[in-house]
Amino acid sequence: MTDLDPATAAWVQAAKAANNEIRRLTEIRDRAVDHIKAALGDAESATIGGRPAVTWAWSKAGKRLDRNALEGAHGPEFVARYMVDCVPARPFRLLDGDDA
(Lines give C-alpha, C1' and ligand atoms only; values in the text may rest on other atoms or scores of the structure.)
Protein backbone atom coordinates (compact mmCIF):
# COMPACT_ATOMS: atom_id res chain seq x y z
CA MET A 1 0.00 0.00 0.00
CA THR A 2 1.24 3.49 -0.85
CA ASP A 3 0.83 6.52 1.39
CA LEU A 4 -0.03 9.50 -0.82
CA ASP A 5 1.78 12.81 -0.50
CA PRO A 6 -0.27 15.92 0.44
CA ALA A 7 -0.55 17.15 -3.18
CA THR A 8 -1.94 13.82 -4.39
CA ALA A 9 -4.22 13.64 -1.34
CA ALA A 10 -5.64 16.99 -2.45
CA TRP A 11 -6.35 15.48 -5.88
CA VAL A 12 -8.20 12.62 -4.17
CA GLN A 13 -10.38 15.19 -2.38
CA ALA A 14 -10.94 17.06 -5.66
CA ALA A 15 -12.02 13.82 -7.35
CA LYS A 16 -14.44 13.05 -4.50
CA ALA A 17 -15.91 16.54 -4.73
CA ALA A 18 -16.33 16.12 -8.49
CA ASN A 19 -18.09 12.78 -7.93
CA ASN A 20 -20.52 14.47 -5.54
CA GLU A 21 -21.26 17.17 -8.13
CA ILE A 22 -21.72 14.52 -10.82
CA ARG A 23 -24.23 12.69 -8.58
CA ARG A 24 -26.12 15.94 -7.97
CA LEU A 25 -26.23 16.80 -11.68
CA THR A 26 -27.17 13.22 -12.59
CA GLU A 27 -30.21 13.48 -10.32
CA ILE A 28 -31.27 16.69 -12.07
CA ARG A 29 -30.75 15.12 -15.50
CA ASP A 30 -32.67 11.99 -14.52
CA ARG A 31 -35.66 14.06 -13.33
CA ALA A 32 -35.61 16.05 -16.57
CA VAL A 33 -35.44 12.87 -18.67
CA ASP A 34 -38.35 11.34 -16.73
CA HIS A 35 -40.49 14.42 -17.50
CA ILE A 36 -39.52 14.32 -21.18
CA LYS A 37 -40.28 10.59 -21.45
CA ALA A 38 -43.67 11.14 -19.83
CA ALA A 39 -44.42 13.88 -22.38
CA LEU A 40 -43.32 11.62 -25.26
CA GLY A 41 -45.53 8.72 -24.24
CA ASP A 42 -45.40 6.22 -27.13
CA ALA A 43 -43.91 8.72 -29.60
CA GLU A 44 -40.37 7.97 -30.77
CA SER A 45 -39.36 11.59 -31.34
CA ALA A 46 -40.34 15.15 -30.48
CA THR A 47 -39.59 18.65 -31.70
CA ILE A 48 -39.23 22.08 -30.19
CA GLY A 49 -40.39 24.85 -32.48
CA GLY A 50 -40.54 22.38 -35.35
CA ARG A 51 -36.90 21.33 -34.96
CA PRO A 52 -35.92 17.81 -33.84
CA ALA A 53 -35.16 17.86 -30.13
CA VAL A 54 -35.29 14.34 -28.75
CA THR A 55 -35.63 10.72 -29.82
CA TRP A 56 -36.63 7.71 -27.75
CA ALA A 57 -36.85 4.76 -30.11
CA TRP A 58 -36.56 1.06 -29.45
CA SER A 59 -33.32 -0.63 -30.45
CA LYS A 60 -33.32 -3.86 -32.40
CA ALA A 61 -33.79 -7.01 -30.38
CA GLY A 62 -30.51 -8.82 -29.86
CA LYS A 63 -29.42 -12.42 -29.54
CA ARG A 64 -27.31 -14.05 -26.87
CA LEU A 65 -25.92 -17.51 -26.35
CA ASP A 66 -27.62 -19.61 -23.67
CA ARG A 67 -24.52 -21.17 -22.16
CA ASN A 68 -26.46 -23.36 -19.73
CA ALA A 69 -28.53 -24.88 -22.54
CA LEU A 70 -25.40 -25.45 -24.63
CA GLU A 71 -23.66 -27.16 -21.71
CA GLY A 72 -26.77 -29.23 -21.05
CA ALA A 73 -26.92 -30.38 -24.68
CA HIS A 74 -23.20 -30.94 -25.31
CA GLY A 75 -21.51 -30.98 -21.89
CA PRO A 76 -19.19 -28.51 -20.18
CA GLU A 77 -16.11 -29.93 -21.90
CA PHE A 78 -17.56 -28.96 -25.27
CA VAL A 79 -18.20 -25.40 -24.12
CA ALA A 80 -14.78 -25.17 -22.44
CA ARG A 81 -13.07 -25.72 -25.81
CA TYR A 82 -14.50 -22.41 -27.03
CA MET A 83 -13.87 -20.31 -23.93
CA VAL A 84 -11.33 -17.50 -24.26
CA ASP A 85 -9.52 -15.61 -21.53
CA CYS A 86 -10.59 -12.05 -20.82
CA VAL A 87 -8.22 -9.25 -19.96
CA PRO A 88 -8.54 -8.51 -16.24
CA ALA A 89 -9.93 -5.14 -15.23
CA ARG A 90 -8.32 -2.78 -12.76
CA PRO A 91 -11.19 -0.61 -11.51
CA PHE A 92 -10.30 2.67 -9.83
CA ARG A 93 -12.47 3.51 -6.82
CA LEU A 94 -12.47 6.50 -4.55
CA LEU A 95 -13.23 5.32 -1.04
CA ASP A 96 -15.22 7.27 1.49
CA GLY A 97 -13.82 7.39 5.01
CA ASP A 98 -16.20 4.53 5.89
CA ASP A 99 -14.87 2.39 3.00
CA ALA A 100 -11.18 2.75 3.77
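This report describes the overall form of one protein model and then turns to a few of its residues.

The structure is a predicted model, in which local features need pLDDT of at least 70 and side-chain atom pairs count only at pLDDT 80 or more, while totals for chains, interfaces and linings use all residues. Residues are numbered from 1 along each chain as its sequence is written, and side-chain values use heavy atoms, with hydrogens and water left out.

**Overall form**

The protein has 3 helices and 2 strands, where helices (H or I, at least four residues) and strands (E, at least two) are DSSP runs numbered from the N terminus. Along the sequence these elements follow the pattern α-β-β-α-α. The radius of gyration of the protein is 24 Å, whereas a compact globule of 100 residues would have one near 13 Å; this radius is taken over C-alpha atoms, and the globule rule is 2.2 Å times the number of residues to the power 0.38. Along the principal axes, the C-alpha atoms fill a box of roughly 55 × 50 × 25 Å.

**Burial and contacts**

Of the 100 residues, 3% count as buried, a word that here means under 20% relative accessible area, while exposed means over 50% and partly exposed lies in between (1.4 Å probe, protein chains only). The protein exposes about 9,700 Å², of which carbon and sulfur atoms supply 57%; such areas come from the Shrake-Rupley method with a 1.4 Å probe, and for residues only the protein chains shown count as cover. Among the contacts (heavy atoms within 4.5 Å) with a separation of 6 or more, 20% are between residues 24 or more positions apart.

Glutamate 21 counts as partly exposed because its relative accessibility is 36%, and histidine 35 counts as exposed because its relative accessible area is 61%. The table gives one C-alpha pair for each of these residues.

| Pair | Separation in sequence | C-alpha distance |
|---|---|---|
| Glutamate 21 and proline 88 | 67 residues | 30 Å |
| Histidine 35 and alanine 15 | 20 residues | 30 Å |

What caps the N-terminal end of helix H2 (residues 67–74)? Aspartate 66 does so, with a side-chain oxygen that lies 3.3 Å from the backbone nitrogen of asparagine 68. Just after H2, glycine 75 takes a positive phi of about 90°.

Terms used. Polar contact = N/O pair within 3.5 Å; in protein donor to acceptor, adjacent residues only side chain to side chain.
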